[in-house]
Amino acid sequence: MPTARTAALAVANIVTLVTVPVNKKLVLDSVIIDNQGAAGHTIHLRDDFTPDASNGTPVPAGQTIEKAQWTVGTLLTASIPKNELETKEFLGTLRCYADGAEALCIITCDYHFE
Amino acid sequence: MISQLSPLFSKVSTFVRPEDFLLQKGQWVKFSSAWQGNFPENLPGGSFIVKEEPVLVKYDISRIIPGNDFVDIDLSNQTMPTAAGVGGTQQLYPSQPGVLYQIVLGFKKGNYFIPFYIPGGSPIFTLSSSFLTSPNFAAADGRRYLGSKTYRDSPEDTPLISLYTIQNMPSIVLRYYADIGINFEKIVVTYNVNKCKISPIQLSPEQEERALKIPYYTEFVNF
């Protein structure tokens, strides 16, 4: 099972965790947020993609879809259960950002493609 | 041009697998007499044998589209796309005579439905009443989904819908329609193309009964 990992970074330095193959969707299996920083942080997962031309939108614009967020206090670890993740599908690019940079707050995502 | 096995086949706990329904070397096919058009003279009503081992080629066509919107996927060779894959049609027909493509469709799970059109603009799976001659995508009732297929009809791991294509056939158009109530959907259909070289063969009436019948799209409508 593939894994993507990053430290918490602000949205201006948003991290691309996974680029989803064109013929698949990404489904998260687990998310662990280990916050050893001095303050709590809110972690966001976002799906970025550009839709294909369609009947109603012949020239589509890029989309940024907020998919999940969790707030983790200082010196705490949050482990998000699979049943809360399995309905979250990512179509284009899985990206991660936080409310502020924190090198000691590590986000680890396990995922698979369907 | 189209056949669909009963979904029960995907649940049969015997040694039969969906792969067993792919055409193999030595099998016979018989085109109905309705195959009228720019085809070889011996095609309408003709019987053919798969003369060599077929070759299976898998090809995915995916689109990300907004909810309650659609894109038409034309499987013919009518218009070549650009080198970047922009525009044009999908090029899934044979480009030479004597070749039959059996295309087995595998739909990935998602919130979408797919009406079929042959040629483009003419729906195939409709009824005779003037109320139900075409799906009505603006309707709030079942007419919206009239004749459409979903991933349950031909799942990716047990595909049950087959298309049969030859050179110069009219366009088969699959309308990838993302359902209402969702933001965006990535619709992915796997086209498992079983490439068969075929040659004419004379069959007895009993042998013709055992050949795979390939109807023309005109036999699906007007009744």
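The largest cavity holds about 40 Å³ of space in this predicted model. A search of the whole structure finds 1 cavity of 30 Å³ or more. Its lining is formed by B:Pro115, B:Phe116, B:Pro123, B:Ile124, B:Phe125, B:Pro135, B:Leu146 and B:Gly147. By class, 7 of the lining residues are nonpolar and 1 is polar, with no charged residues.

The packing of nonpolar side chains comes next. In soluble globular proteins, such side chains tend to be buried together. The largest nonpolar core comprises 47 residues, and the members that touch the most others are B:Phe31, B:Trp35, B:Leu100, B:Tyr176 and B:Tyr191. At least two residues of this core come from each of several strands of chain B, among them strand E4 (55-66), strand E6 (99-107), strand E10 (173-178) and strand E11 (184-200). A second, separate core has 26 residues, including A:Leu17, A:Trp70, A:Ala78 and A:Leu94.

The surroundings of B:Tyr176 can be followed in detail. Leaving aside residues up to four places away in sequence, B:Tyr176 touches, among others, B:Ile61, B:Ile65, B:Phe70, B:Phe113, B:Val189 and B:Tyr191. Its contacts also include the charged residues B:Arg63 and B:Asp69.

Finally, the two chains meet at an interface in which 17 residues of chain B are in contact with 18 residues of chain A. The area buried between chain B and chain A is about 1,400 Å², and carbon and sulfur atoms give 52% of it. On the chain B side, B:Ile64, B:Phe184 and B:Lys186 lose the most area to chain A, together accounting for 42% of what that side buries.

Methods: Residues are numbered from 1 along each chain as its sequence is written. Chains are lettered from A and ligands numbered from 1 in the order in which they are written. This is a predicted model: local features need pLDDT of at least 70, side-chain atom pairs count only at pLDDT 80 or more; totals for chains, interfaces and linings use all residues. Side-chain values use heavy atoms; hydrogens and water are left out. A nonpolar core is a set of buried Ala, Val, Leu, Ile, Met, Phe, Trp, Tyr and Cys residues joined through side-chain atoms within 4.5 Å. Buried means under 20% relative accessible area, exposed over 50%, partly exposed in between (1.4 Å probe, protein chains only). Helices (H or I, at least four residues) and strands (E, at least two) are DSSP runs, numbered from the N terminus. Contact means heavy atoms within 4.5 Å. On a 1 Å grid over the protein atoms alone, a cavity is a set of points where a 1.4 Å probe fits but cannot get out, and a pocket is an open set with protein on both sides within 12 Å along at least five of seven lines; lining residues have an atom within 4 Å of a point. Grid points are joined across faces, edges and corners, and a volume is the space filled by probe spheres set on the points. Buried area is the accessible area (1.4 Å probe) that two parts lose on being put together, summed over both.
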